[in-house]
Amino acid sequence: MRKLILENEALIEKFNIDKYLEQKNFPVAAALSALEATNEVQKNYFLTEKTCEENSENILRLYALLQALFVSIDSLYSLAYSFTRSKNFININLNPQMRELKYIRNDVVGHPSNRIYHHETIAFCILDTKSIGQNEFRYHIYTADETIEKQVDLRELAYNYYVECNRYLNRLYDIAYHKNEENQAISSMLKVLDLYRFQKDYHAELAQFQKVYSECFPQTDASGNRIFWRLRLIDRLKNYSARNADEADLKEYCIGLELIKIFELLAQQKCDGMTERKKPYLVVSFYRFLKKNRIDKNLLIPVHDSKHPTIEVTLNYLTDLAKKKKAEGPLRYLTLLKELLEQKQEELLYAFALPIKEYQKK
């Protein structure tokens, strides 16, 4: 841990905050300054040998650590936006520990006395103050139907944060001072999109794009890069064996959405790449189902995230409603998502649920 914390400190200093202040580039200076400040909190917590006899000090240190980690991630996204004009450049949520941090912080520090765990379920979170140690603590989540005990490993949480943060700081520094030429990759992806739009064979051109992009970013860590991640989602979709024509149409449509996302990440501009292709039956019928039943878009938030605490409850609720309304298309779509969740096919679940995620933005 010490090595990662000190590496983080050195990476932040490498950017030179004073230079950005002189240039009046306040967004970058503010993000770096916040990262520097929160690192001091985390450094104090993990690198200072301290035995706290007073429970009040344990609580104070825990609150400070959770909030600091939460602010650190927000600042890292802000820094990425300043350099790339897109917060989608990074995807910390690919790391399960980092995805969980948001929920832990909101449970314990953010809204413990009023947490919405479902569109109509209020939960209450109570910190077990006596359980707080240097590296772990417990808390309980209470709803009308159940009690959930959460055990949190703080050292593992912080370790994962530093691994992700240091990786992205290295990448952002490279962009800030040695910006890669992306025109070739953008041009290649445009060819892919043109072929896809007019339902021509785009697979060879997509393979060419992947080769070009890998050459443009030879040192990019594929595990934390959104474009490599979306290319992996496309591979998952391509390898999925559709059981009928409607599933095949849905699969191809979802591949198209991923191609558009990749272009937008590269070009940092919106792309309406589906104008020549009709939405598949399962998507059209599901959108109609949502509108007809006036379903709150906030209810759909968990559907694409297999780690979201209410995804199973949400899918069951929507499935029961589809059965009640005899909505055949939506029922088949939801059944597919539930099967992928049960099979722990996290990436396929995300990919197939992307049309629902897109609906939320409208």
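## Ser72

In which helix is Ser72 found? Ser72 sits in helix α4 (residues 55-84). Helices here are DSSP runs of H or I with at least four residues, numbered from the N terminus.

This is a predicted model: local features need pLDDT of at least 70, side-chain atom pairs count only at pLDDT 80 or more, and totals for chains, interfaces and linings use all residues. Residues are numbered from 1 along each chain as its sequence is written, and side-chain values use heavy atoms, leaving out hydrogens and water.

Ser72 is buried, at 0% relative accessible area. Buried means under 20% (1.4 Å probe, protein chains only). Its side chain makes a polar contact with the side chain of Gln42 at 3.3 Å. A polar contact is a pair of N or O atoms within 3.5 Å; within protein, one must be able to donate a hydrogen and the other to accept it, and residues adjacent in sequence count only if both atoms are side-chain atoms. A polar atom of the Ser72 side chain also lies 2.7 Å from the backbone oxygen of Ala68. Leaving aside residues up to four places away in sequence, Ser72 touches Leu35, Thr38, Gln42 and Tyr161 (heavy atoms within 4.5 Å).

## Helices α9 and α14

The axes of α9 (residues 226-239) and α14 (residues 346-360) come within 9 Å and cross at roughly 90°. Axes are lines fitted to C-alpha atoms over the stretch in contact, with angles from 0 to 180 degrees between N-to-C directions. The contact includes Trp229 of α9 and Phe352 of α14.

## Cysteines

Cys125 is buried at 9%, and Cys254 is buried at 0%. The disulfide count is zero, taking sulfur pairs within 2.5 Å.

Notes: Helices (H or I, at least four residues) and strands (E, at least two) are DSSP runs, numbered from the N terminus. Buried means under 20% relative accessible area, exposed over 50%, partly exposed in between (1.4 Å probe, protein chains only).
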